[in-house]
Amino acid sequence: MINKKLVLIFFFFAIQLSFSQSVLGRWKTVDDETKKEKGIVEIYEKDGKIYGKVVEILEPQHRNRKCILCEGFDKDKPILGITFIKGLTKDGAEYSGGKILDPKNGKLYKCYITLESKDKLKVRGYIGISLFGRTQYWYRVK
């Protein structure tokens, strides 16, 4: 007979392992131009798609900013709490097919994300083809 505690420990370990190999969770964003830490993003799944929202802004002077250049639903919304990664789906090792919002200019770009390692996420926003875009690397918050 298998010990119930052993099964429970194995189950907990399996959940932790799968979560640590996932894009889901909290990530510290780092600006690709300035190399400054900007905020904390929570990447989550809803209805089979991947989304990301701003859950913390690390620069005090930007905490109350609104997305004044955004259009539609996001127009004049506080950046804190805004869902800016929208509708990615898993395609092999990457998540793509959705959009990413740049709150600085209010524009939506095509996007893909992929794990570089269990604690490093590659985020690329682009126009047209992925050659024309910007890449940021984000780091898992532990």
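**Note on the predicted barrel model**

1. F132 is placed in the loop between β7 (120-126) and β8 (133-140), where helices (H or I, at least four residues) and strands (E, at least two) are DSSP runs numbered from the N terminus. With a relative accessibility of 54%, F132 counts as exposed (buried is under 20% relative accessible area, exposed over 50%, partly exposed in between; 1.4 Å probe, protein chains only).

2. The model is predicted: local features need pLDDT of at least 70 and side-chain atom pairs pLDDT 80 or more, whereas totals for chains, interfaces and linings use all residues. Residues are numbered from 1 along each chain as its sequence is written, and side-chain values use heavy atoms, without hydrogens or water.

3. Together with I129 and L131, F132 makes a nonpolar surface patch of about 360 Å². Patch residues have over 30% relative accessible area and no salt bridge, nonpolar side chains (Val, Leu, Ile, Met, Phe, Trp, Tyr) being joined within 5 Å and like charges within 9 Å. A salt bridge is a side-chain nitrogen of Lys or Arg within 4 Å of a carboxyl oxygen of Asp or Glu. Areas follow the Shrake-Rupley method with a 1.4 Å probe, and for residues only the protein chains shown count as cover.

4. The barrel is closed by 8 strands in the order β1-β2-β3-β4-β5-β6-β7-β8, with antiparallel pairing (at least two DSSP bridges between two strands). Strands β2 (residues 37-46) and β3 (residues 49-57) pair over 8 bridges, and I43 stands opposite G52 in β3.

5. D47, in the loop between β2 and β3, has a positive phi near 55° and is exposed at 74% relative accessible area.
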